Amino acid sequence: MANRKLDGLLELIAKGDNNAFSEFYEQTIKGVYVFAYSYLKEKTLAEDIAHDAYVQIKLKAHTYKVGTNAQAWFLQIVKNLCLDELRKKSRTEKNIASESEFQNASYSPFEQGSAMEFLLSKLTEEERNIVIMHIYWGYKHKEIAHQLNLPLGTVLWRYNIALKKLKSYKEEI
């Protein structure tokens, strides 16, 4: 979705327009979920974080500066929530169910043991983020470079390396 459209929707959300919020949600939920899942690797946790992110977006829409990068703004909210959850999870890992219980749970659309999970696990975090931002979110490489504070050449190089890795590992599926 174009940043101008998202800018307009965030501006309306800040004014309390629930229809704009619904449209914003419909246009971005898939990408938000995939982005959260790329960090958390758990379906229900990614869904919870996506829900929390939309609550934050609704509450903080008035802080968004129209004309800046709307996707970067709300993806940063999602990323921060994911990182907070991962920190919390690592602190309380002893109280969470055993590893064998997680292995028997179902996680779709990227089910545990699925080709997508396998392929994404073969990438570094940065490569995974670049691939997700480009393929799922439709960011141009230049936009990704700007958001990640990396030179364009580095983003292109890492994206191509990631694609080569994915192609080589797809034979293992």
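Biologist: Going from the N terminus on, how do the elements of the protein chain run?
Modeller: Before anything else, please keep in mind that this is a predicted model. From the N terminus on, the elements run α-α-α-α-α-α-α-α-α, and the count for the protein chain is accordingly given as nine helices and zero strands.

Biologist: And what percentage of the residues in the chain is buried?
Modeller: Of the 173 residues in the protein chain, 37% are buried. The accessible surface of the chain comes to about 10,100 Å², and carbon and sulfur atoms account for 51% of that area.

Biologist: What about contacts between residues that sit at least 24 apart in sequence?
Modeller: If you take the contacts between residues at least 6 apart in sequence, 65% of them join residues that are at least 24 apart.

Biologist: Let's turn to α9. How many residues does it have, and how far does it reach?
Modeller: Helix α9 covers residues 152-169, which is 18 residues, and from its first C-alpha to its last it reaches 26 Å, close to the 26 Å expected at 1.5 Å a residue.

Biologist: Which residues of α9 are buried?
Modeller: The buried residues of α9 are V155, Y159, A162 and L166. Around the helix axis they cover an arc of only 60°, so they lie on the same side of α9.

Biologist: Then what is on the face turned away from that buried side?
Modeller: That face of α9 carries the exposed residues W157, K164 and K167.

Biologist: Switching topic, what is the volume of the second largest pocket?
Modeller: The second largest pocket has a volume of about 210 Å³. Its lining includes F35, Y39, W73, K79, M133 and Q147, and the elements that each give two or more residues to this lining are α2 (18-40), α4 (70-91), α7 (125-135) and α8 (141-148).

Biologist: Which element gives the largest share of that lining?
Modeller: Helix α4 does, with five residues in the lining of the second largest pocket.

Biologist: While we're looking at helices, where is E85 found?
Modeller: E85 is found in helix α4.

Biologist: Buried or exposed, and why do you say so?
Modeller: E85 counts as buried because its relative accessible area is 17%, and buried here means under 20%.

Biologist: Leaving aside its neighbours within four places in sequence, which residues is E85 in contact with?
Modeller: With those neighbours set aside, E85 is in contact with L40, L45 and I49.

Methods:
Residues are numbered from 1 along each chain as its sequence is written. This is a predicted model: local features need pLDDT of at least 70, side-chain atom pairs count only at pLDDT 80 or more; totals for chains, interfaces and linings use all residues. Side-chain values use heavy atoms; hydrogens and water are left out. Helices (H or I, at least four residues) and strands (E, at least two) are DSSP runs, numbered from the N terminus. The expected span of a helix is 1.5 Å times one less than its number of residues. Buried means under 20% relative accessible area, exposed over 50%, partly exposed in between (1.4 Å probe, protein chains only). The arc is that of the directions from the helix axis to the C-beta atoms. Contact means heavy atoms within 4.5 Å. Accessible areas come from the Shrake-Rupley method with a 1.4 Å probe; for residues, only the protein chains shown count as cover. On a 1 Å grid over the protein atoms alone, a cavity is a set of points where a 1.4 Å probe fits but cannot get out, and a pocket is an open set with protein on both sides within 12 Å along at least five of seven lines; lining residues have an atom within 4 Å of a point. Grid points are joined across faces, edges and corners, and a volume is the space filled by probe spheres set on the points.
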